[in-house]
2 protein chains.
Amino acid sequence: MVSPRRTGAESSRTRALLIHVTERLMRQDGYAAVSSRSVAKAAGVTPALIHYYFPTLDDLFLAVFRYGAEKNLARQARVFTEPQPLRALWELSVEPARTALLSEFMALANHRKSIRDEIAEYSRRFRRQQAELLASRLPDFGTGPDDIPPAALLFLIGAVSRGFVAEDPLGLTDGHAETRALVERLLRRYDSGALAADTGARAAEASTLEDGTAEDGT
Amino acid sequence: MVSPRRTGAESSRTRALLIHVTERLMRQDGYAAVSSRSVAKAAGVTPALIHYYFPTLDDLFLAVFRYGAEKNLARQARVFTEPQPLRALWELSVEPARTALLSEFMALANHRKSIRDEIAEYSRRFRRQQAELLASRLPDFGTGPDDIPPAALLFLIGAVSRGFVAEDPLGLTDGHAETRALVERLLRRYDSGALAADTGARAAEASTLEDGTAEDGT
DNA sequence: GTCTATAGTTCGATAGAC
DNA sequence: GTCTATCGAACTATAGAC
């Protein structure tokens, strides 16, 4: 009994609401905008109630993170079962809402030592899952002398998607369309013909790549 | 006379010290760690003096930003005069200290409306300068059907370098070495033979790429 | 140019009533 | 489960002495 203080049940409806509201706050205004008062106001409750469910703010951040992390790992696993796994992974990765939240947590991890370890460990697990699924679904990927190594590809997908969401709000969009087109070219080469020496892949030029402007629940 | 309040001279030694101290704070602990108190403590003065030189904290942030921005534009222009401009640009871009600071300002811009415009405008100017210098120094770059378009390349350099500094502190380094090697391959192809159809470029495999662990002035 | 002192705000967290 | 009330700390910014 280190902590005699009361805490709300995991199954609580209100608890879920607080997590949801906090997630939205982080995405829209950044982690620095999260306080017991701001969350309480957005949820229509009093600040004290935040601390009833989450003794410290770090507990709240971690709850938001864990909730999203589980969903992410599950979605990522599902994505690799699709007919074109690389394309599906790419489209998942460039969903703005999802990526913006991830960026906030990466920034938060640098400044709140208390939660850095958990975010760091999850990030490694997340990328390891990508690597394993990629290796099992596309065992020949990256074997050619001119190919992108699998690990590099996965890093690039993450870095590029975070690049989009970091630059977009600044109105900095130079090179975004060109990069999307470039990725589209690579996806055609890899996902359809499984390394079919890029012949003829350059022919069809009509882009089926629609923007990743996902369902951002306001 | 809108503001009758006193303000320190631009040439002041103390003013320069405050800018320097704030820059270090931002790099090491993030923009959220900057307050009149934290800066004052790190500089060995009192909080009131911060407001003497910088009426609001936004003024301080902007001063730090402008100081670095001017240096950056100048360095970037110089880099394009070197024998291997692309390699020089890449090496400049992956300097951790420089890139970490840039990332902090991009995050800050999303959350402090008052300074977003200036950071956004500078970012566009910065990339435009890259594009112009690239076009003038390597006019043939990106003209081949399989080449990376110049705008995409510049976006990628920025996104990848910010990816490194965002992931490193989390111990997330999967794909970093592979990406550096991949970049090295591209640089050999582009910078030496100017689009020499990548023949023979694959031969030499000894990497001269040394880590971008730059002089981080503690 | 630098300080002390302080007003006014917001924050995290807790105690205890209902 | 939710609230009121409140403590103590940290913050931005200002006034004015030195």
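Colleague: Is Leu133(A) buried, partly exposed or exposed?

Modeller: In this predicted model, Leu133(A) counts as partly exposed, because 17 C-beta neighbours lie inside 10 Å.

Colleague: Which helix is Leu133(A) in?

Modeller: Helix 7 of chain A, which covers residues 113–137.

Colleague: Now Thr179(A). Buried or exposed?

Modeller: Thr179(A) is buried, because 22 other C-beta atoms lie within 10 Å. This residue sits in helix 9 of chain A, residues 176–192.

Colleague: Which residues is Thr179(A) in contact with, apart from neighbours within four places in sequence?

Modeller: Val160(A) from its own chain, and Ala152(B), Phe155(B) and Leu156(B) from chain B. As for Phe164(A), its C-alpha is 10.0 Å from that of Thr179(A), and 15 residues separate the two in sequence.

Colleague: Chain B came up there. How many residues of chain B are in contact with chain A?

Modeller: 39 residues of chain B, which meet 38 residues of chain A. On the chain B side, the elements giving two or more residues are helix 6 (96–111), helix 7 (113–137), helix 8 (150–167) and helix 9 (176–192).

Colleague: Which of those gives the largest share?

Modeller: Helix 8 of chain B, with eleven residues. By class, the side of chain B that touches chain A has 22 nonpolar, ten polar and seven charged residues.

Colleague: How can chain B be laid on chain A?

Modeller: By a turn of 180° with a shift of 0.0 Å along the axis, giving an RMSD of 0.0 Å. That is the relation of a two-fold axis. In chain B, the C-alpha nearest the axis belongs to Ala159(B), at 2.9 Å.

Colleague: What share of the contact residues of chain B recur in chain A?

Modeller: 97%, and the same surface serves both copies.

Colleague: Let's step back to the fold. How many helices and strands are there in chain A?

Modeller: Nine helices and zero strands. Of the 218 residues in chain A, 33% count as buried. Among contacts in chain A with a separation of 6 or more, 62% are between residues 24 or more positions apart.

Colleague: Into which domains is chain A divided?

Modeller: Domain 1 spans 10–55 and domain 2 spans 57–208. Taken over C-alpha atoms, their centres are 28 Å apart. The contact between them takes eleven residues from domain 1 of chain A and 13 residues from domain 2 of chain A.

Colleague: Which element gives the largest share on the domain 1 side?

Modeller: Helix 1 of chain A, residues 13–29, with five residues. The side of domain 1 that touches domain 2 divides into six nonpolar, three polar and two charged residues.

Colleague: What does UniProt annotate over residues 12–72 of chain A?

Modeller: An unreviewed UniProt entry gives "domain: HTH tetR-type" for that span. In the model, residues 12–72 of chain A are 79% helix and 0% strand, and the end C-alpha atoms are 22 Å apart.

Colleague: And where does the record put the "DNA-binding region"?

Modeller: The unreviewed UniProt entry puts it at residues 35–54 of chain A. That span is 75% helix and 0% strand, with its end C-alpha atoms 12 Å apart.

How values were computed
Residues numbered from 1 in each chain as written. Chains lettered and ligands numbered in written order. Predicted model: local features only at pLDDT ≥ 70, side-chain atom pairs only at ≥ 80, totals over all residues. Domains from an automatic or database assignment. Contact = placed C-beta atoms within 7 Å. Helix = DSSP H or I, 4+ residues; strand = E, 2+ residues; numbered from the N terminus. Nonpolar A, V, L, I, M, F, W, Y, C, P; charged D, E, K, R; others polar. Buried ≥ 20, exposed ≤ 12 C-beta atoms within 10 Å, placed from the backbone. UniProt positions renumbered as here; feature names shortened; annotations may be inferred. Least-squares fit on C-alpha atoms with pLDDT ≥ 70 in both.
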